[in-house]
Amino acid sequence: MDPGGERWEMQPMARLIGNLLRGGLVLSLLLVLSGTVLYLGNQGGRPAPDYRRFSGHTENFAVRAGRALEDVRRGRARGLILLGMFVMLLTPVARVLLSLVEFGLHRDPLYVAVTFIVLVILFFSLVGRAP
Amino acid sequence: MPTWEWTGLIGSGALLAGFVGSLTGLGGGIVIVPLLTLGFGVDIRYAIGASLISVITTSSGAAAAYVREGFTNLRIGMLLEIATTLGAIGGAVLAGWLPVSLIAVVFGGMLIFSAYLSVRPGRQHPLRPPDPLAQRLRLNGTYPQGATRQPYQVYAVPAGFGLMGVAGLLSGLLGIGSGAVKVLAMDQVMNLPFKVSTTTSNFMIGVTAAASAGIYLQRGYLEPALVMPVLLGVAVGSWTGARLLVHLPTHALRTVFSVVIFVLGLEMILKGLGGGV
């Protein structure tokens, strides 16, 4: 029996995951920051939006993503911020995907299965219809 | 108030929240929602949306650093993420169904609970024979201590798994990382060393939050103009906090911060009961 379940031969995987998380974070922050500069440049002087009353409505993921991409194409601040948000949101998902590959390379079928389950749950939470 | 001023104020508040959150290890998310709802009068649904995104930010940042140092137990993290993501989806669905006043009351209760946990003294881990399920799942691991790696044993996997589902549910319902409940599950129930449970908890927070963010996004809880200052403020604040961590009296800070959290908790409950949300 191997006494150290998570042997420190996991080190290459840990390093890769660390870099991925950092990369996603930096990319997301840069996108949001450029969106902020654009947004404040355009409408910084106007009265602040009112968020006291909730006025959101339900729309599926594809519709929202499509509109965000359209906003990016037109160079709108909103699009850049949303894109940064998507990158932020998808960074942990990419981390799970990377773990799946790594556990596969380690020939660890139990944890390939565990990781796959998490990935399926994440996938449905993103693209499945919100009830 | 002009937009730049409003954005700047929220950004500064988020910066402070991220700074103190990373110094005390309680995370910035737990004060973002009270800050936005009590301080700025923002609807709690927008507040938990912005908070949830900022929680992913701090998790990714801190996890990137800790995972390389080898404290994080990747197997435990992966296994418990099944529970936290399922719980998170349930919580996000509930957030849309429950009245906002009730969400505010639950949030207040969670704040008070976290305040209590953060001042409670830690427990010594007694030596016990190894747990067969933990062995079969190969969850036992080692963590760095000085120049060597110290081995540790994991226990009570089903109980920890169940508690993690609750942590996920609270995360999805309230837009927080639920770090306190996660650490409770891993440190107290599963018997992990404190440093391993805090870093593994942090590691899981991003994935847990991502599972509810999809539902928040579809429901329209994620308002870009509000998310933006919160996200940037928390990122800068927690980054600075992590760098100053070793130079500051964190124990005293933790005590002060838990009092603040306790008071915020009471205020959230009163506001929820008074129908002011």
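## Interface between chains B and A

In this predicted model, chain B and chain A bury about 6,100 Å² between them, 69% of it from carbon and sulfur atoms; buried area is the accessible area (1.4 Å probe) that two parts lose on being put together, summed over both. B:Arg68, B:Arg75 and B:Gln218 lose the most area on the chain B side, together 14% of what that side buries. The contact (heavy atoms within 4.5 Å) takes 72 residues from chain A and 69 residues from chain B.

Four salt bridges are found across the interface, a salt bridge being a side-chain nitrogen of Lys or Arg within 4 Å of a carboxyl oxygen of Asp or Glu. B:Arg75 forms a salt bridge with A:Asp108, at 3.4 Å from N to O.

## Helix packing in chain B

Helix 4 (residues 74-97) and helix 9 (residues 194-219) of chain B pack with their axes 8 Å apart, at an angle of about 30 degrees. Helix 4 of chain B is therefore roughly parallel to helix 9 of chain B (angles under 35 degrees count as roughly parallel). Their crossing is right-handed, that is, the near helix is turned clockwise from the far one by less than a right angle.

Residues of helix 4 of chain B in this contact include B:Leu80, B:Thr84 and B:Ala88; among those of helix 9 of chain B are B:Phe203, B:Val207 and B:Ala211. By class, the contact has 13 nonpolar, seven polar and two charged residues.

## Conventions

Residues are numbered from 1 along each chain as its sequence is written, and chains are lettered from A in the order in which they are written. Local features need pLDDT of at least 70, side-chain atom pairs count only at pLDDT 80 or more, and totals for chains, interfaces and linings use all residues, while side-chain values use heavy atoms, without hydrogens and water.

Methods
Axes are lines fitted to C-alpha atoms, for helices over the stretch in contact, and angles run from 0 to 180 degrees between N-to-C directions. Helices (H or I, at least four residues) and strands (E, at least two) are DSSP runs, numbered from the N terminus. Angles under 35 degrees count as roughly parallel, over 145 as roughly antiparallel, 65 to 115 as roughly perpendicular and the rest as oblique. Ala, Val, Leu, Ile, Met, Phe, Trp, Tyr, Cys and Pro count as nonpolar, Asp, Glu, Lys and Arg as charged, and the others, Gly among them, as polar.
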